[in-house]
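Okay, thanks for coming, everyone.

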Amino acid sequence: MGLQVDVRKLDLFNQMAKEGSGTVADHLGQLTGLNASVHTSQINFLDIDDVTTHIGTERQVGIYVELNEPPYGYVLFMLDPADSKRLAGAMLGGMGGDADAEGFSEMERSAMGEIGNIMTSAFIDGWANVLDTTIDMGTPNFVLGPAAGIIEKMGGWPDSELVFVIDSQITVEDGDLGMTVYTFPELEDLVALIQGIDLDTDVVADTQADDLV
């Protein structure tokens, strides 16, 4: 299929990506009780071999979720391990349990998985509304290690030379806690959905965050 897209629809998609990141920030703020905001949000077209370079090599906690319907691909949340423990602690009310050799208890891992589930739902539901579709997702996966290694564990990369990456950095209260959201949709499936966007779509209204409680 062709990859040409009406520039007006691409602009709506760009708005959708930014609003989706804002929704994640809102939910992160509700989970922590702190103010969260999107620091940067950008779209990149990367060669498949450059993805791990873009992600970096630092030791990170990764929570990734596979999308089982178009645009397929993955949503990945990456956090510093210390930030991840703080976030899990906030979710658990300070009851983290006994840590394993890698420093995380089963309760903390489970809490991070639930956070990933909440965040992905918030992110993807807004996309589905704008794209007038449904996007089913899989179970969140917790991974700890070098960032590039987390990418390799995700697997299932598209059989193409280019990867479409949405990269949003979210920070809480002057950067005291933060996460980066990466979205790796299948390029051709995403383009097909973008081509179907209604130019009269109200992106802000469709991606409006619902309260967690």
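So, helix H1, residues 7-32, and helix H6, residues 187-195: these two are roughly perpendicular to each other, because their axes cross at roughly 105 degrees and anything from 65 to 115 counts as roughly perpendicular. Before I go on, keep in mind that this is a predicted model. The axes of H1 and H6 come within 9 Å. In case helix packing is new to you, two packed helices are described by the angle between their axes and the distance between the axes.

Who actually makes the contact between H1 and H6? From H1 you've got Lys9, Leu10 and Phe13, and from H6 there's Leu190, Ile194 and Gln195. Sort those by class and you get 4 nonpolar, 1 polar and 1 charged.

Now slide over to another pair. Helix H3 covers residues 81-92 and helix H4 covers residues 106-131, and they pack with their axes 9 Å apart. What's the angle there? It's about 85 degrees, so H3 and H4 are roughly perpendicular to each other too. On the H3 side, look for Ser84, Lys85, Leu87, Ala88, Met91 and Leu92. They meet Met107, Glu108, Ala111, Met112, Glu114, Ile115 and Ile118 of H4. That contact splits into 9 nonpolar, 1 polar and 3 charged residues.

A quick word on annotation. An unreviewed UniProt entry carries "domain: CheC-like protein" over residues 107-143. In the model, that stretch is 68% helix and 8% strand, and its end C-alpha atoms are 14 Å apart.

Next, the largest pocket. It holds about 240 Å³ of space and has 17 residues lining it. If you want to find its centre, Gln60, Met78, Gln169, Met179 and Thr180 lie nearest. Which one gives the most? That would be S6, with 4 residues. By class, the lining comes out as 7 nonpolar, 7 polar and 3 charged.

Last stop: the backbone. Most residues other than glycine have a negative phi, and most peptide bonds are trans. With that in mind, check the bond joining Pro70 and Pro71: it's cis, with omega about 15 degrees. Pro71 sits in the loop between strand S2, residues 59-66, and S3. Then there's Tyr72, which isn't a glycine, yet has a positive phi of about 55 degrees. Where do you look for Tyr72? In the loop between S2 and S3.

Okay, that's my tour, over to you.

Note on methods. Residues numbered from 1 in each chain as written. Predicted model: local features only at pLDDT ≥ 70, side-chain atom pairs only at ≥ 80, totals over all residues. Heavy atoms only, no water. Axes fitted to C-alpha atoms, helices over the stretch in contact; angles between N-to-C directions. Parallel < 35°, antiparallel > 145°, perpendicular 65-115°, else oblique. Contact = heavy atoms within 4.5 Å. Nonpolar A, V, L, I, M, F, W, Y, C, P; charged D, E, K, R; others polar. UniProt positions renumbered as here; feature names shortened; annotations may be inferred. 1 Å grid on protein atoms, 1.4 Å probe; cavity = no way out; pocket = protein on both sides within 12 Å on 5 of 7 lines; lining within 4 Å. Points joined across faces, edges and corners; volume = space filled by probe spheres on them.
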